[in-house]
Amino acid sequence: MSEAAAKTELDRALALDIVRVTEATAVAAARWRGRGDEVAADEAAAAAMYREIARLPIQGVVVVGEGEENESPILYIGETIGAGSESGVELDLAVDPIEGTTLCAKALPNALSVLVVAEHGSLLKVPPIYMDKIAIGAGYPDGLVDLDATPVENLQASPKPRAVGVPELSVCILDRPRHGKLIEEVREAGAALRLIGDGDIAGVIHVTEPQETGIDMYLGLGGAPEGVLAAAALACIGGQMQGRLVAMNDEHRGRARAAGISDLGRKYSIGEMVRGDLSFAATGITDGSLVEGVRFAKDAVFTQSVVMRASTRTVRWIKTEHADLSKFD
């Protein structure tokens, strides 16, 4: 197929149709919101996302998924899915039916359904292990922050402290025992902390609107797949991010080798995690500072989503009233 035809196919995949995938997925997850059953919520969301992607006119290859083939029956890494297999055009998919499964199960803020569709070969293939991350928003000089610098050095490097002082900075970190030393160092530097229980994709995205979210920087270890998804969002809306894969044990190291990664010390920039054109869509499952959660009414379902396009730096905020409830069955 010609390059022009491939581009046309990509444009179709990057149209607003992809938000229908995250909307249906968020609705399926929201039916389990607050019920305390993470497994049931995740299974319902994955089934809905699989069903909706299978209807898209693409040949999608899951690059970031629910795990390896032997770990997940659907949406596993390497799975091909979509209704356009005859076209011969492959697109990369990064999926997260529920970003923040615990958040959904406990009805806590910032649970999302997320999908990225990108040109084939443009997403970094990462195993389901950890990634050390640092992220700030747009408008700063390139290379302002660095994973190899200390938290204090990164905080002092920001233009904001030179104007108003480090204590005015707010740093988002996952609230985990592994971050005890990091949390202590950030507090000793005088910065404020925003500790989150889950949902580090939203945590990274929040640095792009510090005036709205109150978050200037993201630091710490989270999931590697979520790191690629967050990088995709920043590629669309601007910002800086670095990531480094972290293997906690022999199993993690084996996963990295199986994924073809030999250098676990390598730092990845946004441009090395995601390349080319892509589209990012996220729909709220629970209310959050990024989007509102699903609302159920007697005769309709209401959703709020954000859809971003890298090549055009377009960001669309979409509130939808779904009167045809049969499409969620």
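**Entry 1: Asp 96**

Which residues does Asp 96 touch, not counting residues up to four places away in sequence? I looked this up in a predicted model. I found Met 49, Leu 112, Ser 113, Val 114, Ile 201, Glu 226 and Leu 229. I placed Asp 96 in strand β3, which covers residues 90-99.

I turned to the UniProt record. In an unreviewed entry, UniProt gives the feature "binding site" to Asp 96, Glu 99 and Glu 226. I noted that these residues are spread over 131 residues of sequence, yet they cluster in space, with a largest C-alpha distance of 8.1 Å. I also noted that Asp 96, Glu 99 and Glu 226 take part in the lining of the largest pocket.

I next examined Glu 226, which I located in helix α10. Setting aside neighbours within four places in sequence, I listed the contacts of Glu 226 as Asp 96, Glu 99, Lys 133, Asp 200 and Ile 201.

**Entry 2: the second annotated set**

UniProt, again in an unreviewed entry, lists a further "binding site" set, including Glu 99, Gly 100, Thr 101, Tyr 130 and Arg 176. From this set I found several residues in the lining of the largest pocket, among them Gly 100, Thr 101, Arg 178, Asp 198 and Gly 223.

I looked at two of these residues in turn. Gly 100 lies in the loop between β3 and α4. At 8% relative accessibility, Gly 100 is under the 20% limit and therefore counts as buried. Beyond residues up to four places away in sequence, Gly 100 touches Ala 111 and Asp 198. I found Thr 101 in helix α4. Leaving aside neighbours within four places in sequence, Thr 101 is in contact with Glu 38 and Asp 42.

**Entry 3: the nonpolar cores**

How many residues has the largest nonpolar core? I recorded 49 residues, and those with the most contacts inside this core include Val 116, Tyr 218, Met 241 and Phe 280. Helix α10 gives the largest share, 10 residues.

Note on methods: Residues numbered from 1 in each chain as written. Predicted model: local features only at pLDDT ≥ 70, side-chain atom pairs only at ≥ 80, totals over all residues. Heavy atoms only, no water. Core = buried A, V, L, I, M, F, W, Y, C linked by side-chain atoms within 4.5 Å. Buried < 20%, exposed > 50% of the residue type's maximum accessible area, 1.4 Å probe, protein only. Helix = DSSP H or I, 4+ residues; strand = E, 2+ residues; numbered from the N terminus. UniProt positions renumbered as here; feature names shortened; annotations may be inferred. 1 Å grid on protein atoms, 1.4 Å probe; cavity = no way out; pocket = protein on both sides within 12 Å on 5 of 7 lines; lining within 4 Å. Contact = heavy atoms within 4.5 Å.
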